[in-house]
Amino acid sequence: LNVTEEKFVLETLAGCIQYKSLLDVVVNAFFVRDGKYCLISERNLYVVICYLATFQLEELGLQHFSRIVKSQDTAKMHKFLRFFFNALYLNTWIKDEWSRFYDSLYVKENWIDPLLRWQPKVQQLIEQLMDKLSNRTTTVKTSTVTQPKEFNLTVPKPRAIPIPLPIPVLEKGPPVPPSTYKPPKEKKQLKEVKIKNRQKAEVKKLGRKSRISQCLYCQKSMTTVKSLNYQPHSSGGKMCECKEQKKTTTEIRAAITAVFIDNIPIKLNAAAILREGALYQRKMEQELKRIENLLRGAGDPSEFLEWQKQMRGKDLEEQLAEIECRRLQGKLSHEEAVLAHQNVTQENKKKADLMREEKAELMHQYAEKRLQEQKEMRELVEQVVEGHKNAKQAKLKLQKYKQQIVQEVSEENRELLRQALEEEEEKLRKRCELIQQIRAIESLPILKHKFVDLTETGGHGLICEMSIVELRERLALLREAQKAAEEEKRDQIIHEKQAKEQLLLDKLDQISVFRAELGRAAALKQEEKKRKSQAGESHMKDERILNLQKKIVEKAMERKKQAGLL
């Protein structure tokens with residue numbers, strides 16, 4: 001820099017340092033209000049422009065100041081100058097803030113008034129910047145397009161056409177065997193065997209139908225064989241073939257079923273084992289209780305059952321009587337409700353008649369009252385007519401009285417207005433002080449980085465406060481305690497599972513013992529039932545034979561009688 005420029009730079013730097021408190025007020029407020037999205041690194045630029053506008057504008061002149069402003073970014077300068085040269089801001093809070101550091105009269109005469117004097121000319125500069133922003137055209141650099149060039153490559157020689165290889169001829173395969181499209185022999189043989197078996201079964205069925213008219217065991221209707229020499233195939237006291245065959249088949253099936261039932265292993269889960277064990281345990285307790293009662297000499301419970309039956313009958317009769325009583329009570333309530341409704345209707349009619357009488361009386365009183373009011377109004381009109389005669393005297397008296405009231409009210413209004421003005425001035429002064437305090441607080445730098453000490457508490461004044469380090473230690477202790485509790489619970493679950501498995505094994509042993517005993521008891525009961533059924537069948541067989549013989553004799557005699565008549 002030359003001497004003049006160096007002197008100007010040093011004076012500007014010294015002025016920015018000397019008046020830093022004043023310049024910070026404006027720049028901080030700019031960043032809070034209009035410059036929210038401006039960079040903090042541009043703060044020194046706004047400080048220098050603010051210093052030049054406030055303290056050097058008279059010496060520089062508007063032309064040099066405009067050149068300095070236009071040499072910077074147009075949008076930034078336009079935004080800052082529009083904010084700083086706002087007449088309202090200069091006369092209010094900027095003046096108040098600067099008056100905190102220097103005398104208010106000195107501030108007004110040396111700084112605020114010159115800025116207000118330059119404000120119209122600076123406004124023209126601001127408009128020029130605005131026009132420049134509105135007419136700004138973005139120049140796009142057009143890059144030269146690369147023109148491709150062909151490579152100087154060697155031209156390849158044409159390739160020789162290869163001789164085509166001969167197409168190989170495939171050998172003719174063997175023809176498809178005709179058995180592929182024919183059904184297998186086994187299927188045909190099975191069909192023939194099926195037809196033969198069906199024919200044999202039909203032949204046997206027809207032979208059996210021609211031989212049997214009616215089976216005594218199965219009670220099925222058969223075709224009647226028209227032969228005089230027919231004899232039933234159950235003669236001689238022997239059982240018919242179909243009955244013997246069916247009985248034999250039934251016994252074989254029962255034996256096979258019993259064998260399969262005894263040999264089939266039934267898989268039981270834990271719930272089924274416990275349920276069956278509880279059932280057998282309950283049965284065993286009931287049997288022990290019954291035996292114990294018998295040993296103590298318990299008697300026949302028939303008397304108790306009879307008494308119980310009588311008591312139940314009495315209870316039933318009482319319930320029926322109670323139901324009938326409730327039904328009658330409901331009917332009685334219905335009758336009472338109807339009667340009450342009729343009484344209410346009669347009372348309502350009486351009240352309506354009474355209200356109509358009262359209404360007529362009130363209408364009569366209202367008519368009399370209206371007549372009295374009309375009479376009073378006529379008297380009042382007559383009094384008003386008489387009063388108009390003395391109207392001039394009354395007007396003079398009223399005018400004097402109003403003048404006296406106006407004087408008193410005007411004096412009171414002046415006093416009240418003065419008090420109100422004093423109160424408003426006091427409120428405005430307090431409000432200005434509060435605004436200055438708020439702006440001073442806002443102008444203070446904000447610490448963005450906060451250092452955290454993990455060993456210190458929050459300082460909220462609570463009993464349960466703890467630092468981050470203590471919290472981590474307690475969490476570690478809690479995790480260890482929780483892990484120990486989980487291990488203990490896991491061991492407890494394993495022990496419980498082993499005890500449950502042992503209980504299931506004991507129950508299975510007990511169930512197998514009970515099943516074996518129940519199987520023996522069922523076998524003995526089946527044998528006893530079989531013996532009884534055989535004895536009953538023999539007795540039944542004798543009675544049926546006698547009945548059949550009697551029927552044969554009766555039929556024969558009837559036939560002989562019919563033959564004699566013929």
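Leaving aside neighbours within four places in sequence, Phe65 is in contact with Ile49, Leu52, Ala53, Leu57, Leu81 and Leu125, where contact means heavy atoms within 4.5 Å. The model is predicted: local features need pLDDT of at least 70, side-chain atom pairs count only at pLDDT 80 or more, and totals for chains, interfaces and linings use all residues. Residues are numbered from 1 along each chain as its sequence is written, and side-chain values use heavy atoms, with hydrogens and water left out.

Phe65 is one of the buried residues of helix 4, together with Leu57, Leu60, Gly61, Ser66 and Val69. Buried means under 20% relative accessible area, exposed over 50% and partly exposed in between, with a 1.4 Å probe and protein chains only. Helices (H or I, at least four residues) and strands (E, at least two) are DSSP runs numbered from the N terminus. The partners of these buried residues of helix 4 are helix 1 (3-18), helix 3 (43-55), helix 5 (74-84) and helix 7 (104-134).

Helix 4 covers residues 57-70, and its 14 residues span only 15 Å between the end C-alpha atoms, short of the 20 Å that a straight helix would reach at 1.5 Å a residue. The expected span is 1.5 Å times one less than the number of residues. A kink of about 70 degrees is centred on Gln63; the bend at a residue is the angle between axes fitted to the seven residues ending there and the seven starting there.

Phe65 also belongs to the largest nonpolar core, which has 43 residues; Tyr46, Phe65, Phe80, Leu81, Phe84, Ile94 and Trp98 touch the most other members. At least two residues of this core come from each of helix 2 (20-32), helix 3, helix 4, helix 5, helix 6 and helix 7. Helix 7 supplies the largest share, nine residues. A nonpolar core is a set of buried Ala, Val, Leu, Ile, Met, Phe, Trp, Tyr and Cys residues joined through side-chain atoms within 4.5 Å. In soluble globular proteins, nonpolar side chains tend to be buried together.

Ala29 has its place in helix 2, Thr54 lies in helix 3, and Glu97 is found in helix 6 (residues 87-99). The table gives their relative accessible areas.

| Residue | Relative accessible area |
|---|---|
| Ala29 | 14%, buried |
| Thr54 | 10%, buried |
| Glu97 | 5%, buried |

With neighbours within four places in sequence set aside, Ala29 is in contact with Asp24, Phe83 and Trp93. The C-alpha atoms of Ala29 and Ile94 are separated by 9.5 Å, although these residues are 65 residues apart along the chain. For Glu97, the contacts beyond four places in sequence are Val25, Gln436 and Arg439.

**The chain as a whole**

The chain has 13 helices and zero strands. Buried residues make up 13% of its 566 residues. Of the contacts with a separation of 6 or more, 63% involve residues 24 or more positions apart. The accessible surface comes to about 50,300 Å², with 58% belonging to carbon and sulfur atoms, as computed by the Shrake-Rupley method with a 1.4 Å probe; for residues, only the protein chains shown count as cover.

An unreviewed UniProt entry lists residues 352-438 and 468-498 as "coiled-coil region". Residues 468-498 are 100% helix and 0% strand, with end C-alpha atoms 45 Å apart. UniProt positions are given in the numbering used here, feature names are shortened, and annotations may be inferred rather than shown by experiment.
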